[in-house]
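The following paragraphs lead through a structure, taking one chain after the other. Please keep the sequence and the 3D view at hand.

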Amino acid sequence: MGRARLNWLEMVGGAIALSLVVLALFAPHIAPHDPTQAVAQTFGDPGPPSLAFPCGTDQLGRDVLSRLIYGARVSLIVGVSAMAVAMTIGVAAGLCAGFFGGWTEMVLMRITDVMLTLPGLLLAMAFVAILRPSLLSILLVISLVSWTGVARVVRAETLSMTSRDFVLAARALGASAGRLMIRHLLPNIAPTIVVMAALSTSGTLLLDAGLSFLGLGVPPPTPSWGRMVEESQIYFRTAPWLAFFPGLAILYAVLGFNLLGYGFLRRRRPQ
Amino acid sequence: MKGALRGLVRGALTAMLGLLWLGCQAHQPAALFPPDAAVLRLALADDVPTLDPAAGYDTASWEFEQVLFDTLLRYAADSNDLRPDLALSWEISPDARTFTFHMRQDARFTNGRPVTSADLRYSIERVLNPKTRSQGVQYFLPLLGAADFAGGRAAHTRGIETPDPYTIIFRLDKPDPIFLHKLAMPFAAAVPQEVVERWGDDFARHAVGSGPFMLKEWLSGQRLVLVRNPHYFIPDLPKVDAIVALIGVNEELQWLKFEAGEIDVSSIPPAEFTYVMKTPRLKALTIHHVTATTDYLGMNCQMAPFDDVRVRRAFNYAVNKEKLVAILNGRGVVARGVLPPGMPGYDPDIGGYPYDPAKARRLLEEAGVRQGFAPVVWLTADPTMMILGQSIQQDLALVGVDLVLKPVAWGPLLDAVREPRTAQLFLLGWGADFPDPQNFLEVLFSKAQWGANNDTFYSDPKVEELLAQASVVAEPTRRYALYQQIQQLIVSDAPWVFLYHPVAYVIRQPWVRGIQLHPLRPARLDYIYLARSEAARPRTPSAAKAAP
């Protein structure tokens with residue numbers, strides 16, 4: 001990556017991502033109320049947005065705004081950590097497959113293909129059902145179903161590098177396989193990895209929201225955006241704002257990481 | 001997974017419905033009947049399990065069985081009072097062991113043959129016969145000689161006598177004050193021997209009874225059609241000519257069909273309930289009643305710290321029951337004890353445990369429960385239960401208890417609560433089969449039910465003694481007084497957090513009249529009628545198509 005000025009995609013995406021990090025880190029200071037306790041007597045009859053509660057209150061009398069702010073924590077922790085784990089698995093598998101070729105590639109890529117044939121959400125649901133929902137299990141499950149795309153791209157990039165002169169030179173100097181991969185190949189595919197990381201964060205965020213929506217996310221009382229949408233279904237016709245705000249929050253986060261990813265991509269391949 | 005992507009699904013479903021409707025024009029069930037026929041149109045999510053009264057033991061089967069067949073007695077439309085059905089009158093011996101019924105002589109099966117006492121004896125012996133594998137067998141084993149008959153050692157049950165074709169006498173081996181209610185269950189309905197023997201296990205598909213309706217057509221997974229029984233002995237029943245129940249229409253789809261005027265009565269999906277209640281036009285069309293059910297938070301009395309009555313009482317004070325009812329949008333009545341309103345022995349003056357977090361905190365402190373105590377509550381992974389669970393979680397957090405929710409499926413939940421020392425806390429409900437307090441107090445709190453229905457593993461010697469006493473007392477005042485005393489002991493020992501009695505809702509079209517919800521049973525379809533104002537009814541789809 002060059003040192004050129006940030007493009008607008010990066011700026012907007014970065015600002016969104018940064019704002020989420022700030023919200024998550026300082027949630028207790030920013031949120032006006034406790035996100036789990038009732039602050040209004042709107043039991044069974046959600047309160048509309050007002051000056052006191054800008055996003056309204058839900059059927060358990062909780063402040064929706066505070067829940068949104070705290071919800072950023074779960075989304076970011078799950079989204080970013082799951083992305084990190086998925087990237088680690090995907091990069092390792094792709095590098096090995098591309099570098100060693102032969103049986104290693106055969107086995108690794110067929111596993112990848114099999115994983116890709118299974119719909120991610122279904123696979124994740126099956127895993128969560130076995131493991132029982134908790135922050136750690138959800139994080140692992142999401143990474144387990146998200147690494148395959150990364151592995152494929154990294155393998156392709158690696159393949160295109162292995163016959164390049166600098167690799168051949170290093171090989172001729174007697175560099176070991178590990179050294180070749182880590183010192184020579186990895187830095188050269190790093191820009192791709194960065195793009196993939198940003199883009200797959202929006203994927204893991206969305207998967208986390210999907211799992212929460214299906215009731216398989218982080219267990220209550222921890223606020224999560226997906227669960228907020230799920231719980232507000234009952235009030236879809238009478239209190240639409242309950243589903244609107246968490247939906248908007250999911251959109252905001254996914255959009256942010258996607259913009260960031262495309263910004264990085266544009267930097268690599270200037271048009 | 002239900003409710004995912006609702007908007008999209010809804011749009012797609014509407015489109016599909018339209019296509020389906022076009023595709024099914026030729027088979028419109030409405031075309032089966034003359035244009036002026038009064039047809040009650042219903043929809044069911046799942047196929048009816050059975051129409052054989054010896055086999056059915058669920059709401060859907062009973063809804064139709066109770067209008068295809070007759071029992072000696074039936075319940076009044078909206079209460080637990082017993083009324084004559086096949087019986088005209090009856091006598092009970094003072095020791096509640098001999099029951100004599102005088103039957104009406106004008107009842108006929110829909111094949112034209114009169115219903116006699118021999119038919120009733122055959123029907124009950126059929127339930128007792130192990131080859132029938134009926135779940136109703138438990139209710140008739142107390143008949144004298146029932147075990148001998150079931151074991152193949154006797155041709156008939158000694159405890160059923162038929163001195164003439166229209167008199168039947170039942171004798172029991174010990175007093176059973178609620179035997180009359182057992183005779184009002186569909187298990188005791190009269191079936192014609194010759195038809196049962198002709199079809200064998202397939203009788204459900206060719207059901208012949210003596211009720212107000214007869215079976216016209218049952219296409220598995222498609223529709224069930226009942227038509228008026230011309231031989232029925234009450235002249236003005238049933239009030240409609242036919243019932244068409246579409247099968248395989250889930251709750252959401254039922255609602256769409258209801259809004260389109262395609263079905264006459266519908267349940268209300270949870271997602272639409274608040275909308276219905278906030279729309280005066282729709283709210284006026286709802287019918288509701290308090291069910292004979294109590295929903296509760298069970299506490300395992302064998303597991304610390306819930307072996308300490310102070311902790312159990314503290315939980316009762318800590319949970320805000322009024323809030324739960326508000327969250328249910330009023331679909332519940334706060335419970336103060338075990339018995340639901342309408343159940344004999346229900347005590348409106350029982351104090352129960354008002355919401356009092358300060359008292360709860362004090363009791364927990366006395367019992368030495370540390371702050372941050374984190375018990376696990378087992379509950380079904382149902383959206384409504386999850387919200388109620390979170391409400392209880394909120395309440396308990398205020399008294400220093402960090403409740404952990406463990407959502408599981410219904411089967412594993414039942415397995416877990418029946419295992420000793422497994423589920424500390426659990427959210428369950430209990431609905432009555434009979435209008436008698438024994439059906440709650442003995443079934444749920446006697447030691448004999450450990451591992452079955454007594455899931456709190458509660459046991460108290462005084463309660464055991466009183467339960468044994470009360471079960472054989474036939475005289476109502478004394479019987480119910482004993483059960484009230486038992487209930488007071490149980491409420492004081494607090495093995496449950498008494499939550500609420502659910503209120504059930506259905507919605508009808510403006511032209512549908514006469515629906516009466518029963519506390520124990522499905523509503524009787526033979527009492528429902530349609531207002532004869534064509535302006536109020538939309539034209540049937542077949543008529544609409546024929547117009548151009």
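This is a predicted model: local features need pLDDT of at least 70, side-chain atom pairs count only at pLDDT 80 or more; totals for chains, interfaces and linings use all residues.

Chain A holds 10 helices and zero strands. Read along the sequence of chain A, the pattern is simply α-α-α-α-α-α-α-α-α-α. Along the principal axes, the C-alpha atoms of chain A fill a box of roughly 75 × 45 × 30 Å. Of the 271 residues in chain A, 46% are buried. The contacts in chain A can also be sorted by separation along the sequence: among those between residues at least 6 apart, 70% join residues at least 24 apart.

Chain B brings in strands and sheets. Strands of a sheet pair through backbone hydrogen bonds, and they may do so parallel or antiparallel. In one open sheet of chain B, four strands follow the order β1-β10-β9-β8, and their pairing is mixed. The edges of this sheet are formed by β1 (39-44) and β8 (213-219) of chain B, each of which pairs on one side only. Ignoring direction, neighbouring strands of the sheet are turned by 15° against each other on average.

One residue pair can be picked out here: Phe213(B) has Arg228(B) in β9(B) as its bridge partner. A helix lies against this sheet as well. Helix α2 (residues 59-68) of chain B packs on the sheet and touches β1, β8 and β9 of chain B. The direction of helix α2 makes about 140° with that of β8(B).

Another open sheet of chain B has four strands in the order β4-β5-β7-β6, with antiparallel pairing. Why is one side of β4 and of β6 in chain B left without a neighbour in the sheet? Strands β4 (87-92) and β6 (160-164) of chain B stand at the edges and have a single partner strand each, so one side of each stays without a neighbour in the sheet. From one strand to the next, the twist averages 20°.

Within this sheet, five bridges join β4(B) to β5 (residues 98-103) of chain B, and these two strands run antiparallel. Trp90(B) stands opposite Phe101(B) in β5(B). Here too a helix is packed on the sheet: helix α3 (residues 117-128) of chain B touches β5, β6 and β7 (167-171) of chain B. The direction of helix α3 makes about 165° with that of β6(B).

Note on methods. Residues are numbered from 1 along each chain as its sequence is written. Chains are lettered from A and ligands numbered from 1 in the order in which they are written. Two strands pair if DSSP finds at least two bridges between them. Axes are lines fitted to C-alpha atoms, for helices over the stretch in contact, and angles run from 0 to 180 degrees between N-to-C directions. Two residues are in contact if their C-beta atoms, placed from the backbone, lie within 7 Å. A residue is buried if 20 or more other C-beta atoms lie within 10 Å of its own, exposed if 12 or fewer, and partly exposed in between; C-beta atoms are placed from the backbone.
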